[in-house]
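I am opening my notebook on a new model today. The coordinates go up first, and my entries follow.

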Amino acid sequence: MLPPDDYDPPAGLAEMLEPGLRRILAPNPSPMTYRGTNTYLVGTRGVAVIDPGPSSDAHLQAILKAVGPDQHVSHIIVTHTHLDHSPLARPLADATGAPVLAFGDATAGHSAVMQQLAQNGMIGGGEGIDTDFTADETIRDGSVITGDGWQLEAIHTPGHIGNHLSFAWGDACFTADHVMGWASSLVSPPDGDLTDFMASCARLSARNWRVFYPGHGAAVHKPNARLDWLITHRRGREAEILAVLQHGPATAGVIAKTIYTDTPAALLGAATRNVLAHLIDLTGKSTVSPINELHADAKFRLAKN
């Protein structure tokens with residue numbers, strides 16, 4: 001986890017971040033969401049709402065209150081279908097008449113490997129997924145959404161979940177849960193895919209960004225350095241996992257307890273899912289292999305050369 005910051009804004013108040021951009025913090029703090037979900041309002045007249053957030057009447061009213069008498073919501077944009085980002089989209093659409101835009105439903109964007117694991121039903125997952133979500137308009141990689149004085153470019157960044165999108169706004173990027181302002185992102189198969197996550201990091205790294213606006217935590221003012229940190233962090237975890245397996249086969253749970261020594265007990269389950277994501281990635285690289293069938297509690301060993 002990254003060092004703590006001083007990000008602690010009051011929930012429900014629209015805070016100006018720069019001209020044409022405001023942020024409203026949702027009232028859903030937790031060990032997995034930090035202070036809560038960041039909802040962004042882009043534009044000064046016709047406004048795009050990025051990640052309306054969790055099911056919360058208080059947050060719905062906060063968003064509507066932030067839209068002034070000379071403004072209207074023209075677009076509701078969902079970065080991905082986790083319960084802390086997408087459920088309020090439909091109530092907000094009903095209140096404003098604006099369409100909901102997203103990559104797709106909760107199953108969209110899964111890699112072939114993760115689709116197969118999901119079909120087998122032996123890998124677990126499904127934490128916090130908004131299975132009821134539907135979009136009015138589908139966004140694809142490279143789609144450009146144009147509004148009243150603003151433009152957003154969709155960048156498909158699967159990894160945290162298959163349907164995850166980031167949005168370029170000039171040299172700024174709304175990174176949702178791919179790059180956060182307080183910790184590394186959870187990758188839990190089959191919804192999350194570490195192979196995709198690393199590829200998405202590399203893709204974002206190819207551009208020179210000024211700032212990242214994440215789904216949780218403060219703005220990231222050294223975005224390319226944060227991407228380098230994420231990539232290095234994941235490679236370090238991989239090395240730790242392989243070091244544990246040097247001593248013999250082990251499950252993801254055993255490996256997590258061995259390497260996540262400073263992680264609170266409440267987060268050890270999420271850490272185990274992250275380790276499982278690494279093990280599946282390493283299996284795809286033929287670096288490790290499960291003993292017998294691949295499932296959530298399988299033992300893994302180093303592959304024989």
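**Entry 1: helix H1**

Which elements do the buried residues of H1 pack against? Before I answer, a note on the ground rules: this is a predicted model, with local features needing pLDDT of at least 70 and side-chain atom pairs counting only at pLDDT 80 or more, while totals for chains, interfaces and linings use all residues. Residues are numbered from 1 along each chain as its sequence is written, and side-chain values use heavy atoms, with hydrogens and water left out.

Now the answer: I find the buried residues of H1 packed against E2, E3, E4 and helix H2 (89-96). My element names follow DSSP runs, numbered from the N terminus, with helices being H or I of at least four residues and strands being E of at least two. By contact I mean heavy atoms within 4.5 Å. For burial I use relative accessible area with a 1.4 Å probe and protein chains only: buried is under 20%, exposed is over 50%, and partly exposed is in between.

I listed the buried residues of H1 as His59, Leu60, Ala62, Ile63 and Ala66. They cover an arc of only 160° around the axis, which puts them on the same side of H1. The arc is taken from the directions from the helix axis to the C-beta atoms. On the face turned away from that buried side I noted the exposed residues Asp57, Ala58 and Lys65.

I then looked at Ile63, which sits in helix H1. Its relative accessibility is 0%, so Ile63 counts as buried. Beyond its neighbours within four places in sequence, Ile63 is in contact with Ile24, Thr39, Val49, Pro52, Leu88 and Leu92.

I found Ser56 in the loop between strand E4 (46-50) and helix H1 (57-66). Is Ser56 buried or exposed? Ser56 is buried, at a relative accessible area of 15%. Its side chain reaches the backbone nitrogen of His59 at 3.1 Å. I count a polar contact as a pair of N or O atoms within 3.5 Å; within protein, one must be able to donate a hydrogen and the other to accept it, and residues adjacent in sequence count only if both atoms are side-chain atoms. Setting aside neighbours within four places in sequence, Ser56 touches Pro27 and Leu88.

**Entry 2: helix H4**

The expected span of a helix is 1.5 Å times one less than its number of residues. For the twelve residues of H4 (residues 194-205) that should be 16 Å, and the end C-alpha atoms are 16 Å apart, which agrees.

The buried residues of H4 are Leu194, Phe197, Ser200, Cys201 and Leu204. Looking down the axis of H4, I see them fall within an arc of 115°, so they line one face of the helix. As a reminder to myself, an α-helix has 3.6 residues a turn, so residues three or four places apart point the same way. The cover over the buried residues of H4 includes strand E9 (151-156), helix H5 (223-245) and helix H7 (268-284). At the start of H4, a side-chain oxygen of Asp193 comes to within 2.9 Å of the backbone nitrogen of Thr195.

Arg207 is in the loop between H4 and E12, and I get a relative accessible area of 32%, so Arg207 is partly exposed. What does Arg207 touch, not counting residues up to four places away in sequence? The list is Glu153, Ile155, Ala168 and Asn224. With Glu153 there is a polar contact between the side chains, at 3.1 Å.

Entry 3: Grid points are joined across faces, edges and corners, and a volume is the space filled by probe spheres set on the points.

The largest pocket holds about 790 Å³. Its lining has 35 residues, with Met32, Ser184, Leu186, Ala270 and Asn274 nearest the centre. H7 gives the most to that lining, four residues.

I count one cavity of 30 Å³ or more. E11 gives the most to the lining of the largest cavity, three residues.

Technical notes. 1 Å grid on protein atoms, 1.4 Å probe; cavity = no way out; pocket = protein on both sides within 12 Å on 5 of 7 lines; lining within 4 Å.
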